[in-house]
Amino acid sequence: MAPPKDGKKAGPPPAVKKILELFGSNREEDRVAGYLTMLKFGPKLLRYLPGKKVKHLRNWLEVYGYWNQAGATNVLSMFSLIVNEYAGLAGADSKLKTDEVTEMPNQGCVHPNARGMVFKDPASYLEWYEREGPLRSTGAPRVALLLYRKHVITNMSYIPALISEMEDGGLVPVPIFINGVEAHTVVRDLLTTAREQDKTTLKKGAVQVDAIVSTIGFPLVGGPAGSVEAGRQQEIGAEILSSKNVPYVVAAPLLIQDIESWEATGMTGLQSIVLYALPELDGAIDTVPIGGLVGDDIFLVKERVKRLVGRLRGWIDLATKPRDEVNLAVMLYGFPPGVGATGTAALLNVPKSLEGLLKRLKGDGYDVGDLPGNVDGEGILTALRALEDARAGAAHLVGAAEEAAAAVGAEVVREEVSPSELSRWLSFPEHWGPTEWGPLPYLPDSKILLDRLEQQWGQLGSPGQLGATPDGKYACLGLRFGKVTVGVQPMLGIEGDPMRLLFERDLTPAPYYCAYYKALEFSWDINAVIHFGTHGTVEWLPGSPVGNTGLSWPDVLLGNLPNVYVYTANNPSESVVAKRRGYGTIVSHNVPPYGRSGLYKELLSLRDLLNEYREDRAEGAALREPIEELVKATGLYSECPLEREGEVLGFDAWVQELVSYLDVVENRLFSEGLHVFGQVPTDAQVEAYLQAYGGEAAEAAEISHLLRRSDEELDGVARALRGEYVLPAPGGDLLRDGPGVLPTGRNIHALDPYRMPSETAEVRGAAAASKILDAHRRQGSGFPETCSVALWGLDAIKTGGDSVGIVLALVGARTIRDSTGRVARFELISLDELGRPRCDVVANVSALFRDQFKNVLELLDDLMLRASRADEPVEMNFVKKHTEKLEREGVDRASSRMFSNPSGDYGSMVNERVGSGNWDEGGELGDTWVSRNAFSYGKGGEAGNARPEVLKALLETTDRVVQGVDSVEYGLTDIQEYYANTGALMRAAEDARRRRG
């Protein structure tokens, strides 16, 4: 058949197109779900249409139909059909026998007690359940349970076990099996809730539920197919889930990872994307891995299911319990201790924000006791500090704390936890065995947590133990306003070193820390905890990096407590840790308005001198010496030297450069003040945001409107405390990411890891790389052989992956994307197009980036391997040059370039050495950095393998160290990680080059 004149593919005949259209709806998101229906009925209709193309399509649909229905008979018929149609058999006698497809519905409901029955819809299922179900007539909460159809029809044993375990926990499961791509249609059309307002989309057979659990993961819309463009996909999913307005939880077995590796090193990259990153775009909370692979079988870890059930019950209780009976805890922070830090959080005015929160709780009907109308946030913090002083129990200090509490309308609550109580809270049932724990390499003892605790801290209640009273108990203190308790998060470890636990996987929090969190749940009967600001420490405790196990300390201490976490909107990277490891339902808050730094006295004097010189250069000759002296006195000479590379810049040109530099300094943005949670900005503050942002008038009007919705921050907390669905939104920076990060009060998430870098980030990264290369060449050094580039989680999320774009540009590569915009691979640009040598890159990967973007590391690792094997001269390919040199020396995996901390560990430990004074000269800090960051990551199981010989060799050729600073809220002196990582790396590279000579 001749091709059309326009050169385009002809596509299916019109009659076939019409048949395909019959199975779809008018909704874009239902396209793939309709396709499944077409797969079932299409072959029967297509047999009446003539033509070879139609025949092949019909055969393909029949083959897929056999495969999708599964079972031995169906699979045998599938192969028989393929042989009959395409093996060239002649004659009817040689045809193999094919049976009609033995069908199982595309969706339906099942229960292990229903003896093989398949219910056509949830209503039919519940009709049966009310007659014969284990929890019939109990009024127990109902939870929709979305299951993989393939696992149901192949009789996977974990499914009946999961259903039974939920019933044992007092929940009525509504198990609905689906193919996976149509999850949103089931939630939209067959599930409703007491809160749903518009029920016009519901179909016959719909039922009411109290929560929705997906064992599938992926996005709600499109599932594994991801057939809808990303932003639209999330918008539709959020719209559906918002209409149901109940908790949406993902709890699934690991289908591409075994249980042993999960327990040993945490969840792998692709598996974490399926269960965490993609569902979080829909607003999923409290993800709990409930099992994994053992060989080819899926094994359910019942201990994890018990955690899932407990957390579900916690959220459902919030929705059903009268508000004046709900016990709440508000957790403030006091790090570092002893320096007046109690009640502080990044970019947040905690005292004023606390006042607004307590007033809102009172207005919403929660019991806040005799809360005065003029709540005094500063007075509350004063009382909390007095409580800390009174922990030991001295009578006069206790009296002072009680007086301070009474002054703000609170009473002191003191719970002394005995060692026996804490031991009981941290012990597992003695009868637990492989059924509960799963096939781990070892069987945890019932007191495994207690043993670990005492191994580090000594016997519980020992004299002098942190937080212990003289009689060996742990005094847990707080201020109680009715049924709302305000406390300070306890110290993590030994005095003077509270952060060490964040980086030592084998350590444990102090017994006092454990006692406080468990007292919230078991002594004070707290129904939900609010972690108030960025950020606390419980989510950073030792345990599985991603995918909590029963031995992960965040999971142990938070238990079944719903965790509402107030977090700054511009920090999605660390909020993801709070979400995944700390079960945080994030409620974002805005950053403070922006100001401009201006110029201080000496710089103002310098600017005046420069302007005077430019106005009359003939008369200004006498000003040359004062200008040069003042430039050196202010420290600007290192940034704008008059003499460089042995050449003296013309004085007029130097003056112009100084003027431009001062303009940059004067207009540099910074955060002005602190944000008050839930407070709408004033007109002046809105104007400050807009001046910093710039943009067109229409966009400015939109941003102004969104900024004035900051009161929705309190609404977000209120929704979460009622067990409702909190709308998701991307975290980020208004100035960089635009109005899409507003309004705040949302359950923020990171970007889709499959789309890093974004197209814009790739362009920005290329521009930055060009400037880096130009700067190096201006020094007369040619092109740098090796650059070290920091890949940090926070920066990458906020920018969409600028740092990844820098790596690609330096190496000489570009992204290749699929039809939905996801990055499929990184492609090398030809040397002819590149026009310069390929620079080698060693990536300084933060632990957050390592854990959240393993797919990106695998793509970059693959790129570096291909670059090292490219058929190019080594003088034009420094990746190849360095790799081949290492291979000649017998070094394994010499193309490794993605380096980070050991798997499961966080931090370079440079901060700790500096803080303790345990160093004499800078080289020791560089050596510490190398020892902590010599672990390689990438594809093919490269997950933290120690390769110090590769890293050290690359440092010897490192000419440039690149650290992106993306934020106006934080500068180089605000975050200690800049010196602890980038500074220490620079020192390590300098020392390595010096040793090489």
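I82 counts as partly exposed because its relative accessibility is 32%, which falls between the limits for buried (under 20%) and exposed (over 50%), taken with a 1.4 Å probe and protein chains only. The structure is a predicted model, in which local features need pLDDT of at least 70, side-chain atom pairs count only at pLDDT 80 or more, and totals for chains, interfaces and linings use all residues. Residues are numbered from 1 along each chain, and side-chain values use heavy atoms, without hydrogens and water.

I82 lies in helix 4 (residues 72-86); helices are DSSP runs of H or I with at least four residues, numbered from the N terminus. Together with F79 and Y86, I82 forms a nonpolar surface patch with about 310 Å² of accessible area. Patch members have over 30% relative accessible area and no salt bridge, and nonpolar side chains are joined within 5 Å.

Five cavities of 30 Å³ or more were found, a cavity being a set of points on a 1 Å grid where a 1.4 Å probe fits but cannot get out.

In helix 25 (residues 683-693), V686, A688, Y689, L690, A692 and Y693 are buried. Just after this helix, G694 takes a positive phi of about 75°.

How values were computed:
Helix = DSSP H or I, 4+ residues; strand = E, 2+ residues; numbered from the N terminus. Patch = residues over 30% accessible without salt bridge, like charges linked within 9 Å, V, L, I, M, F, W, Y side chains within 5 Å. Areas by Shrake-Rupley, 256 points an atom, 1.4 Å probe, with all protein chains shown as cover. Salt bridge = Lys/Arg side-chain N within 4 Å of Asp/Glu carboxyl O. 1 Å grid on protein atoms, 1.4 Å probe; cavity = no way out; pocket = protein on both sides within 12 Å on 5 of 7 lines; lining within 4 Å. Points joined across faces, edges and corners; volume = space filled by probe spheres on them.
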